[in-house]
Amino acid sequence: MIPKVFKEVIDLGDGREISIETGKLAKQAHGSVVVQMGKTMLLCTVVSNYKQSDVDFLPLTVDYREKFAAAGRYPGGFFKREARPSDGEVLTMRLVDRVLRPLFPKDYHAETQVMIQLMSHDEEVMPDALAGLAASAAIQLSDFPFECAISEARVARVDGEFVINPSREQLAQSDIDMMVGASADSVMMVEGEMDEISEEEMADAIKFAHEAIKVQIEAQVRLAEAFGKKEVREYDIAQGNEALEKRIHEMAYDKCYAIAKQGTSKAERGNAFAEVKEEIKASFTEEELEEYGALVGEYYRKAEKEAVRELTLSEGIRLDGRKTDEIRPIWCEVDYLPSTHGSSIFTRGETQALATATLGTSREANKIDMPSFEGEENFYLHYNFPPFCTGEARPLRGTSRREVGHGNLAQRGLKGMIPEDCPYTVRLVSEVLESNGSSSMATVCAGTMALMDAGVQIKRPVSGIAMGLISDGDRYAVLSDILGDEDHLGDMDFKVTGTAEGITACQMDIKIKGLSYEILVKALQQARAGRLHILDKITETIATPAEEVKSHAPKMITRVIANEFIGALIGPGGKVIQELQKESGCTIVINEDPVTEEGIVEILGTSPEGIAMVESKIDSITFKPVVGNTYQVKVIKMLDFGAVVEYLDAPGNEVLLHVSELAWERTENVSDVVNMGDQLEVKYFGIDSRTRKEKVSRKALLPRPERKERPQKD
């Protein structure tokens with residue numbers, strides 16, 4: 001039986017199209033679509049259990065995977081099979097999850113899975129920009145309780161013009177790379193990197209993406225209507241209790257308001273709130289707690305949240321006593337770790353990051369091997385968030401999605417400041433030692449200082465700040481340098497990194513509908529003031545990059561040689577380069593440049609003498625005498641028909657000085673003119689046409705004897 005296929009097409013206005021199709025594949029899923037742009041095809045399926053899980057949250061899993069067959073490639077590794085997701089796949093999962101999750105009802109706790117798979121890849125189409133569209137379109141065809149359709153789009157700016165879902169080539173020429181997620185009436189998520197743009201330019205880019213997203217949402221709605229929109233499923237909903245809610249609010253609100261107004265530390269504040277909660281629980285009988293236990297906790301948290309928000313909106317006071325635009329106390333230190341190539345500590349309030357910088361050759365570059373992209377990163381950042389940084393004890397289960405996401409944000413904020421001619425591969429690692437509010441932005445600040453301490457000549461220092469927003473519709477307050485608690489109770493969480501010149505990266509999660517662009521720009525302007533304040537604290541500690549790398553850090557020298565000399569430098573079976581590395585103590589890496597057809601030789605070492613030894617060997621191997629020039633040579637071997645001499649400027653380069661070129665007079669024995677170890681000057685004549693060998697001459701530099709006149713015959 002031929003399936004009935006439903007399809008909608010989105011015209012991007014420049015000859016490109018996106019199609020959404022359903023009815024052909026994966027029909028047992030609760031919703032499935034194929035989204036196609038060019039030759040790129042994503043299959044998205046969604047399934048949600050009909051039985052509620054025994055948890056008080058939505059167990060939503062968003063999974064994005066790229067199949068190597070989609071690009072006509074084999075997976076690397078022994079098993080030749082796709083395994084754990086790459087960092088790139090994890091980042092796409094996070095982008096989609098952050099937009100979908102808030103649109104499910106808070107009391108919907110059924111196990112839900114969104115699976116997005118790249119089935120066909122087009123080099124001109126970046127698939128991550130289509131993942132949010134695919135996920136929302138599939139959900140629209142299901143019976144899930146879901147608030148409204150959404151979509152995501154990438155926006156770039158090439159030659160001053162905004163472009164939606166650019167190619168990778170266009171993106172390389174762009175000064176903006178931003179992913180925007182939104183519903184028809186509200187922007188919900190923004191994440192990206194920029195080339196030091198202004199706050200107004202960023203807002204314009206968001207507006208442009210939002211208009212394109214509205215068109216994509218209209219296509220989803222048309223597809224769902226044509227397919228036959230299902231009735232939203234019924235699910236068990238916990239019954240509320242208005243009388244109980246009112247009782248707990250009256251008991252908790254004023255006490256929570258008073259605690260919040262005291263401006264205490266995280267631990268003190270937490271203990272005080274916990275005491276209020278215990279007092280409330282103690283006022284109930286065991287039977288009441290058994291019946292209403294879950295609601296007691298829920299209604300208490302609601303009362304606490306309302307009290308804290310009202311304190312900020314009405315009095316402009318925050319949980320730790322600060323004003324809305326006030327930054328917590330900051331202290332910094334560099335060169336803290338004696339053995340690292342660069343290190344720094346950045347502490348802001350109760351958040352602390354220890355960063356290290358390590359310098360290496362291109363051999364240490366981070367290899368990216370995905371079906372949709374292959375390449376290398378010569379600057380990369382790893383972020384670690386151990387449980388002790390929040391006073392918790394829990395097992396370590398490998399790198400979390402959160403760690404991947406926060407590390408990527410910090411990396412994007414800093415990478416534009418690494419100069420194009422930086423000879424090193426640079427790895428930054430941030431160890432979060434304390435956390436109460438944006439450790440990713442602390443990572444940016446610590447990373448800036450560690451790079452400068454290591455002697456990486458960054459263009460300009462970068463700082464980062466996390467901002468929040470509290471609004472009740474009529475009133476609003478923009479909060480600078482938010483606490484962890486303010487992140488949870490606020491209406492917007494956005495992180496901005498940048499230099500004194502402009503924004504380099506951002507990440508926003510907006511929780512309220514219809515946020516005006518005027519408020520957004522005001523919040524970004526307040527963030528700029530905070531960034532510049534933090535930047536001043538950083539530059540008080542270290543104003544400019546160290547002129548030289550540390551004495552124990554490797555120095556990098558780069559040499560360019562013709563391809564014809566690469567084999568001689570490597571030697572048979574790598575013998576020459578291996579012995580040279582052993583003798584000099586240096587690391588030597590050779591890469592061929594396919595464009596210039598030259599060899600790039602990287603010499604990395606801590607010993608100036610060792611580096612000089614390698615350079616001398618390269619000079620020797622690549623030495624080419626010039627016809628007509630004079631050179632100093634040394635006799636290294638005596639033969640019956642001449643002497644083998646070595647160029648003093650290029651040890652190892654030998655040439656035969658023939659006996660006939662020793663002197664103008666006839667030479668019977670070579671030793672009559674030169675001996676082993678003698679140094680002399682010779683003139684280079686190039687390749688002799690008769691012998692087809694290189695020719696040098698000593699006699700050419702000597703005065704030519706005058707000819708004796710022959711006696712005349714009578």
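**Group meeting talk: a residue, a helix and some rings**

Hi everyone, let's start with Gln 216, which touches Ile 10, Ile 18, Leu 133, Ser 151, Glu 152 and Ala 153, leaving aside residues up to four places away in sequence. Touching, or contact, means heavy atoms within 4.5 Å. This is a predicted model, where local features need pLDDT of at least 70, side-chain atom pairs count only at pLDDT 80 or more, and totals for chains, interfaces and linings use all residues. Residues are numbered from 1 along each chain as its sequence is written, and side-chain values use heavy atoms, with hydrogens and water left out.

Where is Gln 216 found? Gln 216 is in helix 4 (residues 199-227); helices (H or I, at least four residues) and strands (E, at least two) are DSSP runs, numbered from the N terminus. Gln 216 has 1% relative accessibility, so it counts as buried. Buried means under 20% relative accessible area, exposed over 50%, and partly exposed in between (1.4 Å probe, protein chains only).

Now for helix 6. In helix 6, the residues Arg 269, Ala 272, Phe 273, Val 276 and Ile 280 are buried. Why do we say the buried residues line one face of helix 6? Looking down the axis of helix 6, they fall within an arc of 95°, so they line one face; the arc is that of the directions from the helix axis to the C-beta atoms. In general, an α-helix has 3.6 residues a turn, so residues three or four places apart point the same way. On the other side of helix 6, Ala 267, Asn 271, Glu 275 and Ala 282 are exposed. The cover over the buried residues of helix 6 includes helix 5 (242-261), helix 7 (286-315) and helix 10 (484-489).

Last stop, the rings. How many aromatic pairs are there? The count comes to ten aromatic pairs. Rings of Phe, Tyr and Trp (its six-membered ring) pair if their centres lie within 6.5 Å; planes under 30 degrees apart count as stacked, over 60 as edge-to-face and the rest as tilted. Phe 104 and Tyr 108 form a stacked pair, 6.1 Å centre to centre with 5° between the planes. Both Phe 104 and Tyr 108 are buried. Phe 104 also pairs with Phe 146: their ring centres are 5.0 Å apart and their planes at 70°, so that pair is edge-to-face. This pair links distant parts of the chain, 42 residues apart. Ring pairs link Phe 104, Tyr 108, Phe 146 and Tyr 235 into a cluster.
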